[in-house]
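Welcome, and please open your viewer.

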Amino acid sequence: MDKKLKHIAIIMDGNGRWASKQGLPRSAGHKKGAETLQEIAKAVADMGIECMTVYAFSTENWKRDKAEVDYLMNLLRQYLKSELKEIKDRGARIKVIGERDMLAPDIIEQINNLEKETLNNDKFTFCIALSYGSRAEILSAVRRTSSLVAKGDLHLDDIDENMFSNMLYTSGIPDPDIVIRTSGEQRISNYLLWQLAYSELFFTKTLWPDFTVNELKEIINDFNSRERRYGKV
Ligand code: IPE
Ligand code: IPE
Ligand code: MG
């Protein structure tokens, strides 16, 4: 059975609670969370793992207060400009998945440029789920597949798991081996529903801003000791 760890997916949760615990505004938690992300991304790239996908902003997160959404979008602008450069310089490919149309035009442009510039980097893929919702992703794949069938460009018999995976935003990326959710919540919150069919799930009470490379290593050790059976005995 394939045990090699290729892809870690993370639901970075608990920024707001981290801030409240210290009597700070939620924005302070998001700021510290972005620093944690930077450290973890560098560590994962250095471990020689092919891919990391992080849940940065869900389609449902648009429903938060305008001030919080604005703060997160500005933090993202900064992150795309400075922090990501460091990761890019290490030979990483940047990929953004989600409902891109909902983002501001200048952010879309930054993302398009980063993706284009890093397209041929193959050491590490840093995938950011932004304005992402898994059901929306699956529906858009269904629509595109159906339209190919309607036009006669695709035969019904040719729709298989492999083909459908390639219609998703994550096309070309292996399914996550590990999904980590911080902050104690034990739910998936519309994240990579198709892709995590056989992922090993890890839930930690640590709030995202407090998450460390050491804890990540403990999770990876635990993963290495688990037996993945994929339905067999
Ligand atoms: C995760 O932290 C970051 C985003 C969802 C953008 P939260 O903002 O959800 O923090 P909590 O869950 O309220 O503590
Ligand atoms: C999931 O966290 C989305 C991100 C981490 C970006 P939320 O805090 O938004 O999810 P719920 O509300 O607990 O399901
Ligand atoms: Mg949350």
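Predicted model: local features only at pLDDT ≥ 70, side-chain atom pairs only at ≥ 80, totals over all residues.

**Stop 1: the cavity.** To find the largest cavity, select His7, Thr170, Ile173, Pro174, Asp175, Pro176, Leu192 and Gln195, which line it. Its volume is about 40 Å³. Sorted by class, its lining has 4 nonpolar, 3 polar and 1 charged residues.

**Stop 2: the second largest pocket.** Next, colour helix H6 (residues 161–165), which gives the largest share of the lining, 3 residues. What classes of residue make up the lining of the second largest pocket? You will find 8 nonpolar, 9 polar and 7 charged residues there.

**Stop 3: the largest pocket.** Now select Met12, Asn15, Tyr55, Ala56 and Phe57. Of the 30 residues that line the largest pocket, these lie nearest its centre. Which elements give two or more residues to that lining? They are H1, H2, strand S2 (51–58), helix H3 (66–89) and strand S4 (124–132), so give each a colour of its own if you like. The pocket has a volume of about 690 Å³, and its lining is made up of 15 nonpolar, 8 polar and 7 charged residues.

**Stop 4: ligand 1.** Stay where you are and show ligand 1, which sits in the largest pocket. To see its surroundings, select Met12, Asp13, Gly14, Asn15, Gly16, Arg17, Arg26, His30, Ala56, Asn61, Arg64 and Leu72. By class, this shell divides into 3 nonpolar, 5 polar and 4 charged residues. Two helices, H1 (15–21) and H2 (26–46), each supply at least two residues of the shell, and H1 gives the most, with 3 residues.

- Asp13: an N or O atom of the side chain is 2.9 Å from a ligand oxygen.
- Gly14: a backbone N or O atom lies 3.3 Å from a ligand oxygen.
- Asn15: a polar backbone atom is 3.1 Å from a ligand oxygen.

How much of ligand 1 does the protein cover? On its own the ligand has 380 Å² of accessible area, and the protein covers 87% of that.

**Stop 5: ligand 2.** For the last stop, show ligand 2 and ask which space it takes. The answer is the largest pocket. Select Ile11, Met12, Asp13, Tyr55, Ala56, Phe57, Asn61, Arg64, Arg181, Arg187 and Ser189 to bring up the residues around ligand 2. Strand S2 supplies the largest share of this shell, 3 residues. The shell divides into 5 nonpolar, 2 polar and 4 charged residues.

- Ser189: a polar side-chain atom lies 2.6 Å from an oxygen atom of ligand 2.
- Arg181: an N or O atom of the side chain is 3.2 Å from a ligand oxygen.
- Arg64: an N or O atom of the side chain is 3.3 Å from a ligand oxygen.

Of the 390 Å² of accessible area that ligand 2 has on its own, the protein covers 77%.

Technical notes: Residues numbered from 1 in each chain as written. Chains lettered and ligands numbered in written order. Heavy atoms only, no water. Near = heavy atom within 4 Å. Polar contact = N/O pair within 3.5 Å; in protein donor to acceptor, adjacent residues only side chain to side chain. Areas by Shrake-Rupley, 256 points an atom, 1.4 Å probe, with all protein chains shown as cover. 1 Å grid on protein atoms, 1.4 Å probe; cavity = no way out; pocket = protein on both sides within 12 Å on 5 of 7 lines; lining within 4 Å. Sits in = over half its atoms within 2 Å of the grid points. Helix = DSSP H or I, 4+ residues; strand = E, 2+ residues; numbered from the N terminus. Nonpolar A, V, L, I, M, F, W, Y, C, P; charged D, E, K, R; others polar. Points joined across faces, edges and corners; volume = space filled by probe spheres on them.
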